[in-house]
Amino acid sequence: MTVQYFTPEGMLQPVPYHHVAVGTGARHVHVSGQIARQADGTPVAPGDLAGQVAQALRNTCVGLAGAGASFADVLRLTFYVTRWSPEKIGDFMAGVEAVAEEIGLRLPLPPASLIGVDHLFEPDVLVEVEATALVD
């Protein structure tokens, strides 16, 4: 599978992600919303956006690997963040940058959306990550 990332001239720059991904491959992999929980359900980084972003990305990595994929195969990421405000971008990006090398997530990110929501399914969950990938 091949994924080509780029930002065409004329699109907003700089941003911490690519605007476009073109993928070729045989299988679609969709990883459902991952949160900052260990496999046994224990919360990770309560109240810490950066810590929760990092753990949710680690969990997304596990899901991708289970399907024979990696972040190199990811076409798109979607982040849902509770009570979002622009002042939180530093903490958000700190979480991404803290774990990127560990999980093989290249920066800038693949095309991504960050969507602010009032709340997620449990009150201590600050962020949820979804991924879409293509693999051979």
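Rings of Phe, Tyr and Trp (its six-membered ring) are taken to pair if their centres lie within 6.5 Å, with planes under 30 degrees apart counted as stacked, those over 60 as edge-to-face and the rest as tilted. In this predicted model, local features were considered at a pLDDT of at least 70 and side-chain atom pairs at pLDDT 80 or more, whereas totals for chains, interfaces and linings use all residues. Residues are numbered from 1 along each chain as its sequence is written, and side-chain values use heavy atoms, with hydrogens and water left out.

Two aromatic pairs are present in the structure. In one of them, Phe 79 and Phe 92 meet edge-to-face, at 4.9 Å centre to centre and with 85° between the planes; because Phe 79 belongs to strand E4 and Phe 92 to helix H2, this pair ties together parts that are 13 residues apart in sequence. The rings of Trp 84 and Phe 92 have their centres 6.3 Å apart and their planes at 85°, so this pair is likewise edge-to-face.

Helices (H or I, at least four residues) and strands (E, at least two) are DSSP runs, numbered from the N terminus, and two strands are said to pair if DSSP finds at least two bridges between them. Four strands form an open sheet of mixed pairing in the order E3-E6-E4-E5, with strands E3 (27–34) and E5 (112–117) at the edges, each pairing on one side only. The twist from one strand to the next averages 10°. Strand E6 (residues 127–135) pairs with E3 in the antiparallel sense over six bridges, Val 29 standing opposite Ala 133 in E6. Antiparallel pairing also joins E6 to E4, over seven bridges, and here Ala 133 is the bridge partner of Val 74. E4 and E5, by contrast, run parallel and are joined by six bridges, with Val 81 opposite Gly 116 in E5. Strand E4 is mostly covered, seven of its nine residues being buried.

Axes are lines fitted to C-alpha atoms, for helices over the stretch in contact, and angles run from 0 to 180 degrees between N-to-C directions; contact means heavy atoms within 4.5 Å. Helix H1 (residues 49–66) packs against helix H2 (residues 89–103) at an angle of about 35°, with the axes 7 Å apart. Residues of H1 that include Leu 49, Val 53, Leu 57 and Cys 61 meet residues of H2, among them Phe 92, Val 96, Val 99 and Ile 103. Helix H1 also lies across E3, strand E4 (74–82) and E6, running at about 30° to E6.

Several backbone features fall in loops. Most residues other than glycine have a negative phi, and most peptide bonds are trans. The Gln 13 to Pro 14 bond is cis, with omega near -10°, and Pro 14 lies in the loop between strand E1 (2–6) and strand E2 (20–24). A cis bond also leads from Leu 107 to Pro 108, with omega near 5°, in this case with Pro 108 in the loop between H2 and E5. Phi is positive at Ala 45, near 60°, in the loop between E3 and H1, and at Arg 83, near 45°, in the loop between E4 and H2.

Notes: Buried means under 20% relative accessible area, exposed over 50%, partly exposed in between (1.4 Å probe, protein chains only).
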